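Please load the structure and follow along.

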Amino acid sequence: MLPAEARGSPDNQQLPSADMAGRLDAHREAVHHAVARGGPAAYAVRRDRIERTWP
């Protein structure tokens, strides 16, 4: 099986905690903007962006 980096952006559940914390920190402004929009929502924090996954 290929390493996660070779397959593209790994699923967030497979990231080490330090990497996930780094992504959250790197996209802090986008996360705050998403929260300000309100409503129930779920987001994936990708390497280069946040992505709304629900609804």
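Let's begin with R49, which counts as partly exposed at 38% relative accessibility. Here buried means under 20% relative accessible area, exposed means over 50%, and partly exposed lies in between, with a 1.4 Å probe and protein chains only. Salt bridges that share partners join R46, D48, R49 and E51 into one network. A salt bridge here is a side-chain nitrogen of Lys or Arg within 4 Å of a carboxyl oxygen of Asp or Glu.

Taking the pairs in turn, the side chains of R49 and D48 meet at 2.8 Å, N to O. R49 also forms a salt bridge with E51, where the closest N and O atoms are 3.0 Å apart. E51 in turn meets the side chain of R46 in a salt bridge of 3.2 Å, N to O. As for exposure, D48 is exposed, with a relative accessible area of 57%, while E51 is partly exposed at 28%. The structure holds four salt bridges.

## How the model was read

This is a predicted model, in which local features need pLDDT of at least 70 and side-chain atom pairs count only at pLDDT 80 or more, while totals for chains, interfaces and linings use all residues. Residues are numbered from 1 along each chain as its sequence is written, and side-chain values use heavy atoms, with hydrogens and water left out.

## Overall layout

The protein chain has three helices and two strands, and along the sequence they follow the pattern α-α-α-β-β. Helices (H or I, at least four residues) and strands (E, at least two) are DSSP runs, numbered from the N terminus.

Of the 55 residues in the protein chain, 18% are buried. The accessible surface comes to about 4,300 Å², and carbon and sulfur atoms hold 55% of that surface; the areas come from the Shrake-Rupley method with a 1.4 Å probe, and for residues only the protein chains shown count as cover. Among contacts with a separation of 6 or more, 15% link residues 24 or more positions apart, where contact means heavy atoms within 4.5 Å.

G22 sits in helix α2, residues 17–26, and is partly exposed, with a relative accessible area of 36%. G22 and R47 lie 25 residues apart in sequence, and their C-alpha atoms are 9.3 Å apart in space.

Helix α3 spans residues 28–37 and is hardly covered, with one buried residue among its 10. After α3 comes G38, whose phi is positive, near 75°.
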